Amino acid sequence: MAAEMEPPPLGDAGQTDFREIEDGEGFFVSTVTTLESPEPSSPDPPSMPAEGISTNGPKQEDISLDDDPEDLFAEATEEVSLDSPEREPILSDGPSPAITPVTPTAMLTPRMGLGTAEMFERSLDEIEEDDSGDTFDMHIAVSDPEKVGDGMNAYMGYKVTTKTSMTIFSKNETTVRRRFSDFLGLHSKLASRYLHIGYIVPPAPEKSIVGMTKVKVGKEDLSSAEFVEKRRSALERYLMRTVKHPILLKDPDVMMFLESSELPRAVSTQALSGAGILRMVNKAADAVNKMTIKMNESDAWFEEKHQQFENLDLQLRKLHASVECLVCHRKELSVNTASFAKSAAMLGNSEDHTALSRALSQLAEVEEKIDQLHQDQAYADFYLFSELLGDYVRLITAVKGVFDHRMKTWSKWQDTQLLLQKKREAESKLQFANKPDKLQQAQDEIKEEIEELEGKVQQGEKDFELISKTIRKEVSRFEKERVKDFKVVIIKYLESLVQTQQQLIKYWEAFLPEAKAIA
Amino acid sequence: VSSVNVDLQTDATLQVDISDALSERDKVKFTVHTKSTLPNFKQNEFSVVRQHEEFIWLHDSFVENEEYAGYIIPPAPPRPDFDASREKLQKLGEGEGSMTKEEFTKMKQELEAEYLAIFKKTVAMHEVFLCRVAAHPVLRKDLNFHVFLEYNQDLSVRGKNKREKMEDFFKNVVKSADGVLVAGVKDVDDFFEHEKTFLLEYHNRVKDASAKSDRMIRSHKSAADDINRIASTLYTLGTQDSTDVCKFFLKVSELFEKTRKIEARVAADEDLKLADLLKYYLRESQAAKDLLYRRGRALVDYENANKALDRARAKNKDVLQAETSQQVCCQKFEKISESAKQELIDFKTRRVAAFRKNLVELAELELKHAKGNLQLLQSCLGVLKGDT
């Protein structure tokens, strides 16, 4: 890298750039370029209608035929283009103008083999009908962290207050006390119940052995307090995200978590418990499997979305890292400004020219106020911006997990199909076995197996279809939430920056006459 | 930095400036340009090329000249130091593969701007030294100074070799031990007694403030760099996103590109108006302390000479010699005291004026930048809020 530089030759005495140093402009005249970022053209409406939802706004008609009583998700707000071989892929040329809400008719029958989740799956429209217009109105607050117990068995208890007007809850306002492992326990149950069928279950806040240990041993310092606050805020966001999900909200464990005064202790959440180790083993196995499954992706939507989430993941992680840096440097700036303020005050004290001495003291005061400003801004940087990014990095991991489950479901289906094929081959080969008395028995046996496998193959296909459908809905909902979240936070963050600048102006405007008064 | 040049009258009889400068490998070549109506010079206007070592030579010649013991010798300019900047440019070159082309170009531009800023600063500091000398009623007449200005060949001033550097080091050690001794002697003159106390404390406080302001400004620069990276990533996010929020990302990226330039300028202005000011007065207050030390030394010599004279008279031996010696010491001491008093008064005047100018300009610039930032933020918010 050539570091030698010959700066532009400077003109004669009266015109040197150095005079310009006084107003600070000289240095940067040549290097300032306003960044004209190209105005992005609005994204082209893609051909797959599923995309149309998020970018174009108008809701699309649910064109699919609804006489299937097992179609659990005929919701008016979501359009689903089904790509299963039983239905023709429906491609529209663009956003359809007409929006006709479709009211589902059937009450849903629990599907075999999918666990208890379906019993509580009701479409949003149905709920609206039953509870006469119960829109999402819920607010959860996590507060009052209190240390319970002593030593290494101590833990932090949090107050969880739920305020809601929704009728599915027994009371308008409920308060319970919960500890961190309760939250983890809730997440664990929801994940085991919903993740593998395609629901994006919001991840719980992360464990921190170091942080908790400090709290347990009673370290009453700033970093412990910060840790507790960080966790409290994360728990609150976690609960809010969970209840915003229309399916998870109805889960009995969620309701129990929010309403019942006592909860069975969730021991399987401990990192080093048997369950914890099992989880780690499973995670490793999953990673290996992911590498070996080569899916025949017939649906471009999934491929596209998968790639999009990969990109988003990468960029969000990068952004998160940069914002964390910023928080760190701003905290540093605050500390260094405070330090400078003290130093300036001392300088002012020793200055023997009265007016200058006073001005230096004023400068010290201004810098002290500014250091507080930097601290507040760092706080906003963190809680508004950085934590949101962290949450989304974790959420996207959950999204990717759901995509992986779909792959696994497909894989299972394919495997079953292969097995069926093998059995059929074996059946035809049986004809050439040379033990006629055993032939009938063998033929009956194999016929039974084949029947069973045929059923399984059908089930596998249905499972795959279902998870694909669910994921499309989930992704659409997720994207909506994401857009909303980011818009809200960005605006809040910019407002915090505005406030900081306004304060700065106030402080310097107060200082200027003091500086001018030096005589 | 012309901001500390406040009280130097633009005197038509002798005007000095640095009209050009060139950076080569590890040296900087300054073109010193002089305009003068004094008869001492062959021409009215002329230029020579000088390097840092020659400035140091000139400064040291002042310090070593007994005639100038009663003056505050303008502090020598600091050595041009591009090491940090060069290192950064090198690291950037090494890391070229790990960042996008836009990021690389951006960072390169910034580092080059930083290099240029350091360059301009070092030129300014060398210039200030020369202007101070040219403005001083006595120093401006110095022969070495004229040679420095006019002699258009290399002055062949070699940097101090190891032995000389060691000698300097010990001289300083002795001086500071001595300084303590001398400082302990209470001065009869109230003015000087006050100045001594004042300067000792002031110098330490300025040193502390200078260090702390540097650290503060460095944090500021780091934060501005972070905002730069954030802007880049937001831009990428905006171009990749197919939802509504892409507009937000792109707009905010644009906003941050602009605000971080302003933040960088805030840091640079604070550097100029505050950090450089403090650094300069750190050096000047040291020069003032040196003056007081020399005077103190002369006082001690004078008092010793008095004692010697008393002893000589008592023994009635070498009285004449003792008398002459005592007279010499007395004259030296009185000469230094007289000029020192004026120098210290001038120092205070210069200091107050420089601080006033810089603090006012600092406040004005901070306001200007904060208002600029605010306007950008509010306009962006307006657009974004209108969109939701």
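Predicted model: local features only at pLDDT ≥ 70, side-chain atom pairs only at ≥ 80, totals over all residues.
View 1. Strand 1 (residues 14–24) and strand 2 (residues 27–36) of chain B run antiparallel and are joined by 10 bridges. The two strands make a hairpin with 2 residues between them. Look in the turn for B:Arg25, which has a positive phi of about 30°.

**View 2. A salt bridge linking B:Lys273 and B:Glu361**. The N to O distance here is 2.7 Å. B:Lys273 belongs to helix 7 (residues 245–315) of chain B and B:Glu361 to helix 8 (residues 319–387) of chain B, so this pair ties together parts 88 residues apart in sequence. B:Lys273 counts as buried, at 1% relative accessibility, and B:Glu361 is buried too, at 15%. B:Glu361 also forms a salt bridge with B:Lys357, with the closest N and O atoms 3.3 Å apart.

**View 3. A:Lys423 meets A:Glu449 in a salt bridge**. Their side chains come to 2.7 Å, N to O. Since A:Lys423 is in helix 10 (residues 354–430) of chain A and A:Glu449 in helix 11 (residues 436–516) of chain A, the contact ties together parts 26 residues apart in sequence. A:Lys423 is partly exposed at 27% relative accessibility, and A:Glu449 is partly exposed at 31%.

**View 4. A network of salt bridges in chain A**. The linked residues are A:Glu206, A:Arg237, A:Arg241, A:Glu387, A:Asp391, A:Arg394 and A:Asp485.

Definitions and conventions
Residues numbered from 1 in each chain as written. Chains lettered and ligands numbered in written order. Heavy atoms only, no water. Pairing = 2+ DSSP bridges. Helix = DSSP H or I, 4+ residues; strand = E, 2+ residues; numbered from the N terminus. Salt bridge = Lys/Arg side-chain N within 4 Å of Asp/Glu carboxyl O. Buried < 20%, exposed > 50% of the residue type's maximum accessible area, 1.4 Å probe, protein only.
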